[in-house]
Amino acid sequence: MARRLSSRRSRHSTGFVNCLANYSVEVQRVAGELLRAMAENLGVRDHSDMTRLAASQAVRMNYYPPCPEAHVDRVLGLSPHSDAVALTLLLQVCPVPGLQINRNAGWVPVMPLPSALVVNVGDVVEVLTNGKYKSVEHRAVDNAREHRMSITAFHSAKFGGTYGPLEEVVGDEEARYRTINVNEYTKLMLSGKLDGKNIIDAMKIN
Ligand SMILES: O=C(O)CCC(=O)C(=O)O
Ligand SMILES: [Fe+2]
């Protein structure tokens, strides 16, 4: 009996692991394609200047239990922040709304659409494009009666290179952000807390 249970459990977890592995590969491919399209849109000749921003990936599952105290002034699922990575692809797993973006100083809900991915421009894309693409500040609110789940796939460059405004994009303008090595940037990212656009503020020149 115990053996049957454990083999069933391992069959289940194999299914889960395979499913997650396939999902992460496909989503990483989509992130690369989106970055390629951005490069083209910005006139960046070597697309790899942008596509390298999807070379590494981290996947996180967010679970928000029902919260009777849910009220934006008292309890939040996730505090306002921009993603400090390059590009986030987010799947809202449940039909329960919760994600909101900051637009014109107000919070706008992003309603879940079945099978649709939400794409969040992250701080690293803002830096490389010298602010032509801006990272989006967002937050998650809890629901009083229903639980909610989201899966976020964060994309960044591999360690070893640098993050800084691309010369081709800056052109005759001034670079508005510092250039920093990826390892240093990652330390900065991991040492900070979720607090609005604090990382991009630290990257701004002046
Ligand atoms: O749950 C959500 O919709 C937002 C998740 C999020 O912003 C994050 O994981 O960084
Ligand atoms: Fe986020």
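The model is predicted. Its strands include an open sheet of four with the order 1-8-3-6, and the largest pocket has a volume of about 560 Å³. The structure also holds seven salt bridges.

**The four-stranded sheet**

- Pairing in the open sheet, ordered 1-8-3-6, is antiparallel.
- Strand 1 and strand 6 (117-121) are the edge strands, each of them pairing on one side only.
- From one strand to the next, the twist averages 20°.
- Strand 3 (residues 87-92) and strand 8 are joined by six bridges in the antiparallel sense.
- Leu87 has His155 of strand 8 as its bridge partner.

**The largest cavity**

- The count of cavities of 30 Å³ or more comes to one.
- The space in the largest cavity is about 110 Å³.
- Its lining consists of 17 residues, and those nearest the centre are Asn62, Leu78, Leu90, His138 and Thr152.
- Two or more lining residues come from each of strand 1, strand 2 (78-81), strand 3, strand 7 (138-140) and strand 8.
- Strand 8 gives the largest share of this lining, with four residues.
- Sorted by class, the cavity lining comprises six nonpolar, seven polar and four charged residues.

**The largest pocket**

- The largest pocket, with a volume of about 560 Å³, is lined by 29 residues, and the closest to its centre are Ala84, Val85, Phe154, Met189 and Leu190.
- Strand 1 (56-64), strand 8 (148-156), helix 5 and helix 6 (198-203) each contribute at least two residues to the lining of this pocket.
- Helix 5 supplies the largest share of the pocket lining, namely five residues.
- The pocket lining divides by class into 13 nonpolar, nine polar and seven charged residues.
- Strand 1 and strand 8 are named among the contributors to the pocket lining, and strand 1 and strand 8 are also named among those of the cavity lining.

**Salt bridges within helices**

- Among the seven salt bridges of the structure is one between the side chains of Arg29 and Glu26, with an N to O distance of 2.9 Å.
- Arg29 and Glu26 are three residues apart in helix 1 (residues 2-42), so about one helical turn separates them.
- Arg29 is partly exposed, at a relative accessible area of 48%, and Glu26 is partly exposed at 40% relative accessibility.
- Another salt bridge links the side chains of Glu33 and Arg36, at 3.8 Å from N to O.
- Glu33 and Arg36 are likewise in helix 1, and about one helical turn lies between them because they are three residues apart.
- Glu33 counts as partly exposed, having 40% relative accessibility, as does Arg36, which has a relative accessible area of 35%.
- A further salt bridge brings together the side chains of Glu184 and Lys187, with 3.4 Å between N and O.
- Glu184 and Lys187 belong to helix 5 (residues 182-191), where they stand three residues apart, about one turn of the helix.
- Glu184 is partly exposed at 39% relative accessibility, whereas Lys187 is exposed at 55%.
- The cut-off for the exposed class is over 50%, so Lys187, at 55% relative accessibility, falls within that class.

- Asn104 is not a glycine, yet its phi is positive, at about 45°.
- Asn104 occupies the loop between strand 4 (99-103) and strand 5 (106-109).
- With 75% relative accessibility, Asn104 counts as exposed.
- Ala105, a residue other than glycine, has a positive phi near 65°.
- Ala105 is placed in the loop between strand 4 and strand 5, and at 80% relative accessibility it counts as exposed.

Notes: Residues are numbered from 1 along each chain as its sequence is written. Chains are lettered from A and ligands numbered from 1 in the order in which they are written. This is a predicted model: local features need pLDDT of at least 70, side-chain atom pairs count only at pLDDT 80 or more; totals for chains, interfaces and linings use all residues. Side-chain values use heavy atoms; hydrogens and water are left out. Buried means under 20% relative accessible area, exposed over 50%, partly exposed in between (1.4 Å probe, protein chains only). A salt bridge is a side-chain nitrogen of Lys or Arg within 4 Å of a carboxyl oxygen of Asp or Glu. On a 1 Å grid over the protein atoms alone, a cavity is a set of points where a 1.4 Å probe fits but cannot get out, and a pocket is an open set with protein on both sides within 12 Å along at least five of seven lines; lining residues have an atom within 4 Å of a point. Grid points are joined across faces, edges and corners, and a volume is the space filled by probe spheres set on the points. Ala, Val, Leu, Ile, Met, Phe, Trp, Tyr, Cys and Pro count as nonpolar, Asp, Glu, Lys and Arg as charged, and the others, Gly among them, as polar. Two strands pair if DSSP finds at least two bridges between them. Axes are lines fitted to C-alpha atoms, for helices over the stretch in contact, and angles run from 0 to 180 degrees between N-to-C directions.
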